[in-house]
Amino acid sequence: PIFCGFALLVTYALLGSSWLIMKTEHQLHRKMCTITVYLVITLLVVIAIVSLWTPLTHADIAQRWFSLPNLYFLLPVPLLVLACAWGIVRSAYNYGHYQPFLLSLLLVLIGFAGLGISIFPYIIPPSISIWQAAAPVLSQQFMLVGAVIIIPVILAYTSWSYYVFRGKVNANESYH
């Protein structure tokens with residue numbers, strides 16, 4: 001449990017540092033590139049610890065990940081984690097701008113996919129499944145109508161805010 005919390009902390013720090021790589025220039029940009037490399041290495045160590053500890057303490061998760069043919073189907077998950085980490089480090093060493101952040105987002109997405117694979121079909125392992133925790137169908141239909149209305153509004157607002165705050169932050173100029 002402590003490593004899971006630490007993994008979350010390091011993940012948010014990585015997302016923040018790679019965001020600053022994307023949004024800043026000069027000295028702060030270079031400093032964030034250095035910090036990002038250390039954060040990726042730290043995150044890989046924590047991911048390795050959690051990935052080894054979890055199957056050792058939960059036999060059903062070990063069965064899901066390491067039995068054949070599941071192993072062949074799920075092997076891309078750790079390989080993609082390593083590929084993303086390598087891409088982040090390589091891009092940070094080359095003082096890249098957008099790639100560290102985009103790869104960090106992909107790394108988080110892959111991490112959630114790995115978590116989903118590990119606990120499926122349970123939402124609270126090992127006793128409550130997704131279907132047991134689900135709301136009644138009528139409630140889900142009501143929420144779907146609300147989601148169909150509000151999600152486009154959220155996406156439009158987010159797109160507008162990204163457009164307004166596009167580009168790099170420059171100490172000598174204000175935003176657009």
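Starting at the N terminus, the elements of the protein follow the order α-α-α-α-α-α-β-β-α-α, which amounts to eight helices and two strands. Helices (H or I, at least four residues) and strands (E, at least two) are DSSP runs, numbered from the N terminus. With a radius of gyration of 20 Å, well over the 16 Å that the globule rule gives for 176 residues, the protein is more spread out than a compact globule. That radius is taken over C-alpha atoms, and the globule rule is 2.2 Å times the number of residues to the power 0.38. The model is a predicted one, in which local features need pLDDT of at least 70 and side-chain atom pairs count only at pLDDT 80 or more, while totals for chains, interfaces and linings use all residues. Residues are numbered from 1 along each chain as its sequence is written, and side-chain values use heavy atoms, with hydrogens and water left out.

Along the principal axes, the C-alpha atoms fill a box of roughly 55 × 40 × 30 Å. Of the 176 residues, 27% are buried, where buried means under 20% relative accessible area, exposed over 50%, and partly exposed in between (1.4 Å probe, protein chains only). Of the contacts (heavy atoms within 4.5 Å) between residues at least 6 apart in sequence, 62% link residues at least 24 apart. The protein exposes about 12,200 Å², and 75% of that comes from carbon and sulfur atoms; accessible areas come from the Shrake-Rupley method with a 1.4 Å probe, and for residues only the protein chains shown count as cover.

On the surface, Ile2, Phe3, Ile41, Val45, Ile49 and Trp53 make up a nonpolar patch with about 560 Å² of accessible area together. The elements giving two or more residues to this patch are α1 (2-23) and α2 (26-57), and α2 provides the largest share, four residues. Patch residues have over 30% relative accessible area and no salt bridge, and nonpolar side chains (Val, Leu, Ile, Met, Phe, Trp, Tyr) are joined within 5 Å. A salt bridge here is a side-chain nitrogen of Lys or Arg within 4 Å of a carboxyl oxygen of Asp or Glu. Ile41 sits in helix α2 and is partly exposed, at 46% relative accessible area.

Ser118 belongs to helix α6 (residues 99-119) and is buried, with a relative accessible area of 15%. Its side chain makes a polar contact with the side chain of Trp65 at 2.8 Å, and also reaches the backbone oxygen of Gly114 at 2.9 Å. A polar contact is a pair of N or O atoms within 3.5 Å; within protein, one must be able to donate a hydrogen and the other to accept it, and residues adjacent in sequence count only if both atoms are side-chain atoms. Neighbours within four places in sequence aside, Ser118 is in contact with Ile61, Arg64 and Trp65.

Notes
Patch = residues over 30% accessible without salt bridge, like charges linked within 9 Å, V, L, I, M, F, W, Y side chains within 5 Å.
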